[in-house]
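Biologist: I am new to this structure, so please take a close look at a single part for me. How many salt bridges does the structure hold, and where do they sit?

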Amino acid sequence: MISDEITRREVLAIAAAAGGIPAGRPLMSGVISPAAAQGTAGAPAPMDVMLRVNGTEHRLSLDPRTTLLDALREHLHLTGSKKGCGLGQCGACTVLMDGKRVKSCLSLAALVEGREIMTIEGLAQGEELHPLQAAFIERDAFQCGYCTSGQIMAGVACIAEGHAGSPEEIREWMSGNLCRCGAYDHIVAAIQDAARATNSVRGG
Ligand code: FES
Ligand code: FES
């Protein structure tokens, strides 16, 4: 979820510009309703937005209703993050924002200006895969692959949060990421492997 640094005032101002939220309707800070995300009201004036993605600044002119996911995929052509449900339910669109996992289909791009966004494209170090990417390959943790980038980004956060202590714990903390192919056992094994690898690196 987007941090409290994004104020309710900012959310309402942008939502009002987008014409996406009826007056008086309650709204969680930084999170938009699916209806607002896919709103079809008359197009509002574009906004200048600076997005920091994978360490690079991008200056974009966006419809204020543009979700972070659409900004990444359609404006920056970073198509690793996938649109599954578009409703915050499947996790295919998961990215990291300031190190924390967020569902980019529910975040307005204009509200994450200046935040550090990391997508699957920014995870590897040159030719060297992130340990979790390598573990997904080693463990054969995907079939169609549609959920995979979201699973990996959520898995990276799951490990960083210290929630990879057991298969049960991993399943609980990865429950927001669905896999229609049912590759869960392999995904959990890959996260366990990467957590161990990360710990062994830390332990020196
Ligand atoms: S596409 Fe974002 S949660 Fe499904
Ligand atoms: S590998 Fe197909 S949806 Fe997960």
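**Salt bridges and their surroundings**

Modeller: Let's start with Glu 57, which is partly exposed, with a relative accessible area of 41% (buried means under 20%, exposed over 50%, and partly exposed in between, using a 1.4 Å probe and protein chains only). Before going further, please keep in mind that this is a predicted model, where local features need pLDDT of at least 70 and side-chain atom pairs count only at pLDDT 80 or more, while totals for chains, interfaces and linings use all residues. Residues are numbered from 1 along each chain as its sequence is written, chains are lettered from A and ligands numbered from 1 in the order in which they are written, and side-chain values use heavy atoms, leaving out hydrogens and water.

Now to your question. In general, side chains of opposite charge can pair when their charged atoms come close. The structure holds 10 salt bridges, each being a side-chain nitrogen of Lys or Arg within 4 Å of a carboxyl oxygen of Asp or Glu.

Glu 57 takes part in one of them: its partner is Arg 59, and their closest N and O atoms are 3.4 Å apart. Arg 59 is exposed, at 66% relative accessibility.

Another pair is Glu 161 with Arg 101, where the closest N and O atoms lie 2.7 Å apart. This one links distant parts of the chain: Glu 161 is in the loop between α5 (148-160) and α6 (167-173), Arg 101 is in strand β4 (residues 100-103), and the two are 60 residues apart. Helices (H or I, at least four residues) and strands (E, at least two) are DSSP runs, numbered from the N terminus. Glu 161 is partly exposed at 37% relative accessibility, whereas Arg 101 is buried, with a relative accessible area of 17%.

Next comes Arg 139, which forms a salt bridge with Asp 193, with the closest N and O atoms 2.6 Å apart. Since Arg 139 lies in the loop between α4 (131-138) and α5 while Asp 193 belongs to helix α7 (residues 184-203), the pair ties together parts that are 54 residues apart in sequence. Arg 139 is partly exposed, at 36% relative accessibility.

Finally, let's return to where we began. Salt bridges that share partners join Arg 52, Glu 57, Arg 59 and Glu 116 into one network. So, as you turn the model, you can look for Glu 57 and Arg 59 in that network.
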